[in-house]
Amino acid sequence: MILLSVAWDDIGGLVDAHERFLAGARVDADVRGSVLDSWKRCRSVGLEPDRLQVPYAPDLTLDDPFLHAAEPVLKNLAASLSEAGMTIALCDGQGRMVQRLGGGRPLCDRLDEVSFAPGFDASERVVGTNGVGTALAERNPVYVVGREHFADCLQPFACAGAPVRNPLSGRIEAVLDLTCLRDDGDPAMLRLVREAAHAIEARMLELATERERALLAAYRRAAARASTQWRQPGRPDGDELGRVDLAVLRERAEELLDSPHRTLDEVTLSGGRTATLLRRQVRGAAGETGVVVEARIAGSPHVRQVCLSAPTTPVTPTRALPQPTVPPVPAPAPSPAPARPAARFAGLRTVVPAPAEMERGAQGDTGAPLSGGAPAAADAAVGAEPYPDAAVGVATRMPVRPGTSVAAEVAEGAVGIASVGTEPAGDAPAMDAPGVDARLLLLGEPGVGRLALLARRRLELLHDAGVRIGTTLDVTRTAEELTEVAVPRFADFVAVDLPDAVLLGEEPGPLGADTPLRRVALGAVQEESPLHPVGDLVRYAPSAPQARGLESRQPMLEPVLAAAGGRLDHDPARGERILAAGVHSLVTVPLRARGTTLGLVSFYRSQRAAPFEDDDLSLAQELAGRAAICVDNARRYTREHNTALALQRSLLPRGRSEQSAVEVAYRYLPAQAGVGGDWFDVIPLSGARVALVVGDVVGHGLHAAATMGRLRTAVHNFCSLDLSPDDLLTHLDDLVGRLDRGEGWAAENSPDSGIVGATCLYAVYDPVSRRCTLTRAGHPLPAVVEPDGTVTFVDLPSAPPLGLGGMPFETVELELAEGSQLVLYTDGLIEDRHRDIDAGVERLGAVLAQAGRAPEETCEAVLDALLPARPSDDVALLVARTHALDRDRVAQWDVPSDPAAVSRFRAAVTEQLAAWGLEELSFTVELVASELVTNAIRHATGPVQLRLLRDRALICEVSDGSSTSPRLRRAKNEDEGGRGLFLVAQLTERWGTRYTPDGKIIWTELPLP
């Protein structure tokens, strides 16, 4: 072990986030997700950033086949980076460095100082976040720069690492890493290391087995000894097989090679041409068995026999064919095999130079070039496939003279060759005659490696689809995820079409050919797509594959799109552009889930030469089935979300509160995850006062919205009793506890049945005294903005949320200047997953610190500054600017405890009403005031006060020192009293009793004329 102790190196960038993370703070908003995950893994294993113990193991190495595959790639990469000041590290599957190339002496010396050298362990659990270890842990390419390294000693560097997998087994064989100084780092390093890893994997695939190399060598020797003349591909009239035809021939030839019980196959090509394929068993000179496929394209009705050995008896097909008997011709004498030509790469498949190139190679490039160039023929005839396979593909024309045989010396195993030929002279037209065509299509073991690799790639695609599709509960995003998974690994274009009802969360009706669909998502390998763009309303013709698929509820496969009847009838101009862009094959699958058709997904191929086949159709069905379930889940969630939102909005206040004590503005914004239980209210109280309420119910969805409605109704009822703020929260706390326990019913517990934990802030403002009384139950502190812009967060005593019980609620009373703003809000405004509550409160105070702003402007400013793009919790915001009731609108008298004084105050009331211009109310108010004052003098204790308030209504109040409340009763005919309060109730709009610390107040309200 080597002990490292490195001083803290402040290099900027993420230094603050790194320190806060080590201190236990949340840094989600400052650090990339993959880096933060790595930091968490490092912390979980107990790594210390300034003290590492790096183990050393001498004589590390990798398997010879891997080193043989990686050597040329590493040499080319080192040569390209020789002037870049960058070192290349090759580590084994455990993260231990095996080789280090390039970089220059200064960089290597600095890397040696931190033990990033051959023999040392660079895994994440040992040295923390870095290109090698994190690529191993994430199993994907990563880029780490500067302060993103967990260890202090690695922070001066930038690195990019990528795992190198065995293309057949999928196991990580090694990790390739590029490292340089931090100032020289570039995100393009990630692309370089990814491409280099892919190149090594391609080399490993090419050199996977000695058997494949022996088969390739056998073919080259056979082709070099064949006495043939290679000529330019294509007939003299220029009628060349298209890319799609070649791909179809190759696919069908592969199928025939892999089908030992089949002898013949017929392939329909474009232009009405037909190819007949014949499968034969052959044996090599050393006894190896192989398979040859012969074909005829639009020539003589006979099929020519091609021998790959010197057989004594021609192989007889399993069923009679109309062909002449061609005697076997002895093979020519063996000739020395030419030197192995260089192979060209197309994806992960080796493309072997045409025999004409090999002949030139054997002659030392002294032979005259062929007309047209055989290499171009080879390159043009081999197209990309849906998945790379282990077969070695060759495509070129191979004219065969009459009576010629081709000897093949096979190193081991079977050789499969697909040959497109014509009838020899004498029984068919000459090779140069029109209608004669011959090609060599394929060389390789019949299907074994190809099918194994194809199956693994499809499993990988299905695994990725299960992981990446349905990560959200958004219909549109789910459709986009399907396109991202399928392009370019399965198709070149993917389009998802859904009816508008699904986007709205509704149950879609029956979908048919005449149903318009909305293009929701479109994936493409190129920026410009010939298909309908996202947002278009798409209609398919009844004969189109999409329409037929919707009608039959079955997937549709069109290998040759140009031959698909009705595919482009609905938009001929766009159809021409689609075909001109090279789109040639289509699979369309209805999106069905739980017995309902939700839409349609279409997969197109253009750059891939191979058309879709049956296996691709099965894979498309699996992808569409998984996506359909996720789309339906998102649709159902959308419906529930919209229902809950409608319920909550119906339970929240609408319009403006009928009171003049405060000027209010409010906002409610639901969360992206679902409707929550945030709510607010502005409730007029007696005596021109107003109650301001903001609350938050735990949870989301319909239950939270319904619970919010119950609490809001309860607060309204408690306000009608004119309870003090602390008493009101005490009653509300008791109610929440009883509701949570089932209100006396033996209710079953369910995940959404409890409401304990709801929070509430309750404030009462009196415009006469300009005093505000506040109390809270587990809610964030309110803010007061004074007229000059000074912001103060009211230090309310803390109290537990509602429903817990056992603790009293305390109040705070403030005197507010006229024009002050009282800001009440829920925690969703100041706290989310990327910001703690203290930072949110500080930000809120900074936004509120501005004088002369109206409540509506304050709401907009606060939401613009604090609301995240995708809020994780719903937000309720209430801003109230206070008003004061002028002194000339208030009249108050102290009443002595003498019934004789009542007449004097009746006169005073009449005089005050005359001053306010309310003479027509004099009789009623005089009678009400006289009755209330008389009752107070007779049945209560002093002091007694009479007060008139002119607000939105005329308010008459009588206060006394008694805590007993009068009650309305029906007087009997023989009763002498008991009718006064009844008269008051009949003459006024409403009346009630309000208790104070010194007694009570009987109040009445009369509407103004």
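Guide: A residue counts as buried when its relative accessible area is under 20%, and as exposed when that area is over 50%. The model is predicted, and the cut-off is needed at several points below.

Cys630 has a relative accessible area of 19%, which is under 20%, so Cys630 is buried. Cys108, with a relative accessible area of 10%, is buried as well. As for bonds between cysteines, a search of the whole structure finds 0 disulfides.

Some background on the chain comes next. Of its 1009 residues, 52% are buried. Its secondary structure comes to 24 helices and 36 strands. Among contacts between residues at least 6 apart in sequence, 67% join residues at least 24 apart.

Asp492 sits in the loop between α13 (475-486) and β16 (493-498). Its relative accessibility is 3%, under the 20% cut-off, so Asp492 counts as buried. Leaving aside residues up to four places away in sequence, Asp492 touches Val487, Gly523, Ala524 and Val525, and also Tyr604, Arg605, Ser606, Gln607 and Arg608.

A helix pair gives another case of packing. Two packed helices are described by the angle between their axes and the distance between the axes. For α20 (residues 837-848) and α21 (residues 855-866), the angle is about 140° and the axes are 10 Å apart. Roughly antiparallel would need an angle over 145 degrees, so α20 is oblique to α21. Their crossing is right-handed. On the α20 side the contact is made by Gly840, Arg843, Leu844, Val847 and Leu848, and on the α21 side by Thr858, Ala861, Val862, Ala865 and Leu866. By class, this contact has 7 nonpolar, 2 polar and 1 charged residues.

Methods:
Residues are numbered from 1 along each chain as its sequence is written. This is a predicted model: local features need pLDDT of at least 70, side-chain atom pairs count only at pLDDT 80 or more; totals for chains, interfaces and linings use all residues. Side-chain values use heavy atoms; hydrogens and water are left out. A disulfide is a pair of cysteine sulfur atoms within 2.5 Å. Buried means under 20% relative accessible area, exposed over 50%, partly exposed in between (1.4 Å probe, protein chains only). Axes are lines fitted to C-alpha atoms, for helices over the stretch in contact, and angles run from 0 to 180 degrees between N-to-C directions. Helices (H or I, at least four residues) and strands (E, at least two) are DSSP runs, numbered from the N terminus. Angles under 35 degrees count as roughly parallel, over 145 as roughly antiparallel, 65 to 115 as roughly perpendicular and the rest as oblique. A crossing is left-handed if the near helix is turned anticlockwise from the far one by less than a right angle, and right-handed if clockwise. Contact means heavy atoms within 4.5 Å. Ala, Val, Leu, Ile, Met, Phe, Trp, Tyr, Cys and Pro count as nonpolar, Asp, Glu, Lys and Arg as charged, and the others, Gly among them, as polar.
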